[in-house]
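Subject: Handing over the structure

Hi there,

Here is the structure I promised to pass on to you. Please open it in your viewer and keep it beside this email while you read.

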Amino acid sequence: MVSADARLGMARLFFGWRPHPTQKQWMVDDARVKVAACGRRWGKTEAAAVDAATFALACPGSAQMIVAPTCDQSRLIFDTVERLVMGRAVTRRVSKVTRTPFPRLRINRSEITARTADDDGRNLRGHSADRVIVDEAAYVRDAVVEEVISPMLADRNGQLVMISTPWGKNHFYRAFARGNGGDGRYSAHRFPSRTNPFVSGEYIEFQRGVITPRQFSVEYEAEFLDDQASVFPWETIERAVGLGRETYVSDEPWLVAGVDWARYSDYTTVIVLDASETPHRVVAMDRFHKLSWEAQVERVASILIGCGVSEVLTDQTSIGDPLLEQLRRCVWEKGAGMAIEGMAFTNASKREIIDNLVVRLSAGETAIPDDEQLVRELQYFEYELTTSGNVRMNARSGYTDDLVVALALAEWQGKSAGGPARFLAGSKLRVASQSVS
């Protein structure tokens with residue numbers, strides 16, 4: 001394979017392109033996963049287009065895909081590639097562009113296509129590539145990158161390139177952090193707008209005065225900040241996960257549980273906590289859907305009895321009311337003794353239990369497993385201002401919050417229950433984070 005340094009020479013020879021210093025830094029990086037957090041007007045579209053065009057020329061027969069949240073965004077880099085290639089006779093002679101059913105450029109037996117990520121990446125499935133360039137990667141859903149785009153590179157041991165203005169702390173942030181954390185497969189770059197010498201410093205300073213400091217930090221300084229709507233700051237989540245990695249022994253476990261019911265679109269979730277000491281620790285989790293109500297009650301009862309739970313708080317809203325009675329009956333018929341209570345959700349009651357969870361996590365008083373779904377739900381649980389001026393707390397559009405609610409119910413029960421349950425003399429509970437499922 002032609003080195004990145006050699007491709008810089010090709011860019012100068014074929015396209016007359018001379019990068020500014022940080023564009024050059026980006027171009028010569030050959031990491032398997034390379035990530036750039038860019039400020040506006042840094043020059044990422046131009047750098048990515050030159051990178052894609054020279055890779056196609058240097059690696060005959062290669063396949064590259066440009067992916068972005070929308071069709072218009074994916075076309076930005078593709079159109080720049082087309083302008084570069086078709087603007088020079090030497091490359092135009094060996095190139096062909098088609099626009100249906102999606103933009104495709106063939107050059108030197110290589111192919112560059114532009115596709116949209118959509119919400120679920122359905123149009124990307126089944127493809128393979130030597131390289132995928134994800135533009136505005138922070139705005140592409142985690143599952144699309146992790147479950148669709150990354151597997152596309154497996155057959156060819158390909159390269160994943162992600163460039164974006166930062167937004168929240170999602171898969172893009174995690175990849176950036178791995179690049180900064182010494183993982184040799186990843187590289188991370190932060191390119192504030194000011195590192196482009198061709199952008200007016202006066203204009204950047206003008207922008208500092210017309211947008212909020214938070215917006216300026218993200219848009220022009222390329223800094224990763226929590227979304228201002230986030231209920232649980234990322235540092236708080238990381239701390240709770242770190243506590244959850246610690247193995248512990250409890251001589252007198254006091255096990256409480258939270259249950260959030262659902263049937264079709266959402267998930268029924270169960271979280272069991274050992275609340276005998278601080279920090280409280282998640283010792284068991286379950287999440288499922290598309291079961292009959294009877295099957296759900298049976299499964300929840302089995303989990304609670306199997307763990308030896310003493311006190312339970314369930315969602316009693318709507319269908320949760322009869323399910324509460326069914327769960328009590330099922331547990332009683334199995335000969336288990338536990339207190340099972342319900343909570344009907346209103347905006348006020350839900351906020352109360354969520355606020356309690358916020359306080360406990362912020363104080364380092366709750367330890368959670370490094371479970372991707374739970375971490376994602378906490379990360380995308382948000383404040384929302386209604387048209388009537390009230391504040392609601394729920395999952396961001398496109399995400400779920402079932403595990404968050406179950407954890408909040410369990411912590412509320414742990415806070416309000418009467419005291420640790422007494423188990424058989426000498427019994428001990430040994431739970432490591434990896435035992436949580």
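Let's begin with a group of charged side chains: Arg-190, Arg-194, Glu-205, Arg-208, Glu-221 and Glu-223 form a network of salt bridges. A salt bridge here is a side-chain nitrogen of Lys or Arg within 4 Å of a carboxyl oxygen of Asp or Glu.

Before going further, a word on the ground rules. This is a predicted model, in which local features need pLDDT of at least 70 and side-chain atom pairs count only at pLDDT 80 or more, while totals for chains, interfaces and linings use all residues. Residues are numbered from 1 along each chain as its sequence is written, and side-chain values use heavy atoms, with hydrogens and water left out.

How many salt bridges does a search of the whole structure find? The search gives 33.

(Helices are DSSP runs of H or I with at least four residues, strands are runs of E with at least two, and both are numbered from the N terminus.) Is Asp-142 buried or exposed? Asp-142 is buried, at 2% relative accessible area, while Arg-174 is partly exposed at 26%. The cut-offs are under 20% relative accessible area for buried, over 50% for exposed, and partly exposed in between, using a 1.4 Å probe and protein chains only.

Next, Lys-334 pairs with Glu-298, and their closest N and O atoms are 2.6 Å apart. This pair also links distant parts of the chain: Lys-334 sits in the loop between α12 (320-333) and β14 (339-343), Glu-298 sits in helix α11 (residues 293-307), and they are 36 residues apart. Lys-334 is partly exposed at 40%, and Glu-298 is partly exposed at 36%.

Asp-355 is partly exposed at 28%, and Arg-351 is partly exposed at 34%.

**Two buried polar residues**

Ser-110 is part of strand β5 (residues 110-116) and is buried, with a relative accessible area of 1%. A polar atom of the Ser-110 side chain lies 2.8 Å from the backbone oxygen of Ala-56. Leaving out residues up to four places away in sequence, Ser-110 touches Ala-56, Cys-59, Pro-60, Gly-61, Ser-62 and Leu-105. Contact means heavy atoms within 4.5 Å.

Glu-219 is in helix α9 (residues 213-219) and is buried at 19%. Which side chain does the side chain of Glu-219 meet in a polar contact? The partner is Arg-40, at 2.3 Å. A polar contact is a pair of N or O atoms within 3.5 Å; within protein, one must be able to donate a hydrogen and the other to accept it, and residues adjacent in sequence count only if both atoms are side-chain atoms. Apart from neighbours within four places in sequence, Glu-219 is in contact with Gly-39, Arg-40, Thr-165 and Ser-193.

**The sheet**

Now look for an open sheet of 8 strands, in the order β3-β4-β5-β2-β6-β7-β1-β8, with mixed pairing. Its edge strands, β3 (95-98) and β8 (186-191), each pair on one side only. Two strands pair if DSSP finds at least two bridges between them. Strands β6 (residues 131-135) and β7 (residues 159-164) run parallel and are joined by 5 bridges. Across from Val-134 you will find Met-162 in β7.

**The nonpolar cores**

The largest nonpolar core has 64 residues, and Val-132, Ile-149, Leu-160, Met-162, Phe-232 and Ile-354 have the most contacts inside it. Its largest share, 9 residues, comes from helix α15 (residues 402-416). A nonpolar core is a set of buried Ala, Val, Leu, Ile, Met, Phe, Trp, Tyr and Cys residues joined through side-chain atoms within 4.5 Å. Apart from this core lies another, of 36 residues, including Leu-8, Phe-55, Ala-114 and Phe-191.

Happy exploring!
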